Amino acid sequence: MRKRFYYQQDLVEKNGHSHQFLPSNYTVESEQGHEGGLNLGELLRVIRRRIFVILIGTTTFTTAAIVFTLTSTKSYVAKFELLTEPITPEDKVAPDDRYKRDETSNKIDETKVKILQSPKLMTPINEQVQKYYPNSKPPELKIKLLPNTQILEVSYQDTNPEKVLFVLNKAAEAYLKYSLEERQTDTKLAIQFVERQLPLLLRQVEILQAKLQTFRQKSGIINAEVQSQQLASELDQIVQKRLDAETQLNKTQAFYDSVQKQLGLEVNEAEAVSALSESPGYQKLLSQLQDVEAKIATKSSQYTDNDPGIQSLLIQQQNLLDLMGKEKLRVLGNKLSSINTGSSGSFATNSARVREIQKFVDAAKQIQILKTQIQFFSRVESDLRQKVKQFPILIRQEDDLKRQLKISVDNLNHFLTKRETLRIDAAQKQTPWQILTPPNKPQNVAPSIKISLLYGTVLGLLLSTGLALLTDKFNNVLYNLEEVKEKFNLPILGEIPYIKLGNNYQFTNKQDISHFRESFHSAYTNISLVNKENAIRSLVVISASPRDGKSTIALYLAQTAAAMGKRVLLVDANLRNPAIHKILDLPNRQGLSNLISEELHFENVIHQFNNYSQGRTYEQNLFILTSGSIPTNPTMFFSSPKLQILTEQFKQVFDLIIYDTSPFLGFADTSILTKFIDASILAVGLGKTNCTALAQLLEKLEFSSTPVLGAIATIFKK
């Protein structure tokens with residue numbers, strides 16, 4: 001939106017007076033603000049302007065609808081409904097899960113609808129139709145799937161109601177036959193597939209059973225859970241036995257060390273002593289040896305070694321030692337005979353020592369036994385732990401085999417069950433589809449006159465109104481004062497009513513003259529209210545484009561001002577297409593252009609208005625300056641310094657000078673002239689002035705120093 005402010009103080013400065021005036025402004029509103037829609041007031045104004053277009057369009061559409069209804073051929077349509085997933089009595093013999101199997105395959109989709117309309121099914125129907133209705137077109141059935149159901153609606157339309165019913169009956173028979181054939185065909189193919197798969201499944205079950213049996217024989221697994229518990233129990237028992245043996249070994253080893261320290265013997269020596277102490281022969285020889293040695297000791301204190309008695313005892317001693325050696329060898333054997341058993345006193349009968357030695361020997365033997373047991377228990381424990389470690393792997397292998405076997409057995413049982421189910425399906429004769437609603441009586445679908453009249457009127461009214469709105473939108477023309485105010489926010493100085501003028505610009509209807517002139521009196525009064533201090537001495541009437549009524553406004557505004565007692569000069573400054581001299585039938589040999597280009601005095605060129613409506617007051621106060629000869633380049637004339645001099649001279653002689661100009665857009669003439677004028681008035685032709693052109697005009701006036709008093713709207717035509 002563009003907004004321009006001006007103060008009428010500008011007029012004061014131009015005329016050298018010191019009066020204060022209220023500010024005025026005008027606004028050019030952007031067209032984007034009106035793109036959101038059309039308000040009700042504007043809609044009603046458009047309808048009033050285009051009422052004849054709307055009436056003609058509505059009448060045309062209504063007439064066309066009625067003619068179409070009267071001339072159109074009657075057409076009949078009928079339909080039937082087909083349920084595509086019923087449960088027949090024979091179906092109930094089969095297991096319930098059969099329906100789950102067929103749930104997806106039986107559903108109707110676009111593909112199956114296309115099949116029902118295909119030549120495979122439609123050709124036999126058409127052949128039957130041709131027998132009864134020769135040379136007729138092949139029937140085109142409309143098949144529609146009702147939403148969220150498995151119900152098909154089949155309809156057919158034709159000019160012959162009997163043919164419609166005949167075609168639908170044949171179509172119903174064909175579709176039921178197709179459903180039965182489709183079921184039987186699918187069932188046979190399914191049975192063949194199952195028969196091919198059963199041997200493979202049976203062979204697979206046998207192979208898996210053999211694998212499971214071989215695995216159990218090889219791994220020894222019969223009942224994995226029980227065997228796992230037994231294996232864990234055995235391992236716990238062996239571990240406990242090993243721990244008990246190790247505890248007993250520690251105790252025995254401690255006792256062994258204590259006894260050995262007391263006896264001072266090694267275990268082999270203790271075994272030898274124990275064995276010899278238990279030999280009667282050896283003990284007898286030992287006793288004899290002890291007696292001989294006692295005698296030798298006695299005699300040695302009395303006799304020398306060479307004494308025969310001593311020598312005899314020594315020989316006897318040596319013999320006993322040899323016998324003891326032989327007995328020792330016999331008792332102990334070669335392995336222990338070499339053990340030093342000590343002096344003969346070591347083997348003397350001593351029950352306490354013998355018992356200790358026996359305990360020592362028993363402890364040594366117990367240690368060996370315990371060590372052997374511990375080694376045995378450790379080996380068994382190791383073996384059991386290895387089995388425990390391998391057992392989960394074996395169980396998993398067994399579970400895999402059992403799972404594979406179960407799947408294969410289930411598949412085999414499933415296929416066996418399906419084979420029986422399919423055999424029952426193959427034996428069925430009732431059609432799987434059902435006719436829910438048989439073909440009804442054909443109905444005439446041709447519209448009635450009342451409906452056509454209603455539709456034609458409504459459609460014609462809507463389209464005609466839309467066309468009127470569209471035409472009005474593209475015309476982009478101002479039609480009333482409300483639009484001027486809303487779109488441009490311009491002060492409205494006056495509204496000139498429509499009045500018909502003759503070819504000589506004279507009034508054809510005398511009754512309209514008073515109202516016409518009164519509108520100019522009102523416009524001049526509004527201008528006078530702005531010009532309270534007579535600061536405005538010159539006015540220029542401008543318009544955006546030709547034939548917006550600016551010449552008429554300039555003329556009758558000048559007449560009104562003259563009638564009010566003002567000395568008025570009307571200047572035709574339109575050097576491109578002048579009109580004032582034509583309206584007033586004045587000569588145009590000399591005028592404004594001649595004053596600028598020649599050395600003429602304006603008083604010798606102007607015309608006093610004394611030949612139009614004689615007896616009027618304005619005859620004495622109104623003077624006319626025509627345009628004069630039309631120059632080749634009017635812009636150069638307006639750029640002449642003499643123009644400003646002339647405008648000042650006019651102000652010295654006349655109270656008010658009104659200038660009629662060429663269109664503002666496209667030419668620079670008016671822009672140059674406005675620099676020397678006190679104020680300007682816009683001429684807006686309602687029903688003629690283009691909104692875009694007026695917006696461009698106001699935009700250019702922003703760069704002009706001449707204020708705009710407002711707009712005078714004209715709604716009259718020549």
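**Strands and their neighbours in a predicted model**

Modeller: In this predicted model, strand β14 (residues 679-685) runs parallel to strand β15 (residues 708-714), and six bridges join the two.

Colleague: Why are β14 and β15 called paired strands?

Modeller: Pairing takes at least two bridges between two strands. β14 and β15 have six, so they count as a pair. One of these bridges links I681 with G710 in β15.

Colleague: Which helices pack on the sheet there?

Modeller: Helix α14 (residues 481-488) touches β8, β14 and β15, and its direction makes about 155 degrees with that of β8. Helix α16 (residues 550-563) also packs on the sheet; its contacts include β9, β13 and β14, and its direction makes about 165 degrees with that of β13.

Colleague: What is the strand order in that sheet?

Modeller: The eight strands run β8-β15-β14-β9-β13-β10-β12-β11 in an open sheet with mixed pairing.

Colleague: What makes β8 and β11 edge strands?

Modeller: β8 (492-496) and β11 (607-608) each have a single partner strand, so one side of each lacks a neighbour in the sheet.

Colleague: Now to β5. Why is strand β5 described as largely enclosed?

Modeller: Buried means under 20% relative accessible area. Seven of the eight residues of β5 (residues 151-158) are buried, so the rest of the structure largely encloses this strand.

Colleague: Which strand does β5 join over eight bridges?

Modeller: That is β3 (residues 76-83), antiparallel to β5, with L82 opposite L152. β4 (residues 142-145) also pairs with β5 in the antiparallel sense, over four bridges, and K142 has S155 as its bridge partner.

Colleague: What lies between β4 and β5 in their hairpin?

Modeller: Five residues do, and N148 in the turn has a positive phi of about 60 degrees.

Technical notes: Residues are numbered from 1 along each chain as its sequence is written. This is a predicted model: local features need pLDDT of at least 70, side-chain atom pairs count only at pLDDT 80 or more; totals for chains, interfaces and linings use all residues. Side-chain values use heavy atoms; hydrogens and water are left out. Buried means under 20% relative accessible area, exposed over 50%, partly exposed in between (1.4 Å probe, protein chains only). Contact means heavy atoms within 4.5 Å. Axes are lines fitted to C-alpha atoms, for helices over the stretch in contact, and angles run from 0 to 180 degrees between N-to-C directions.
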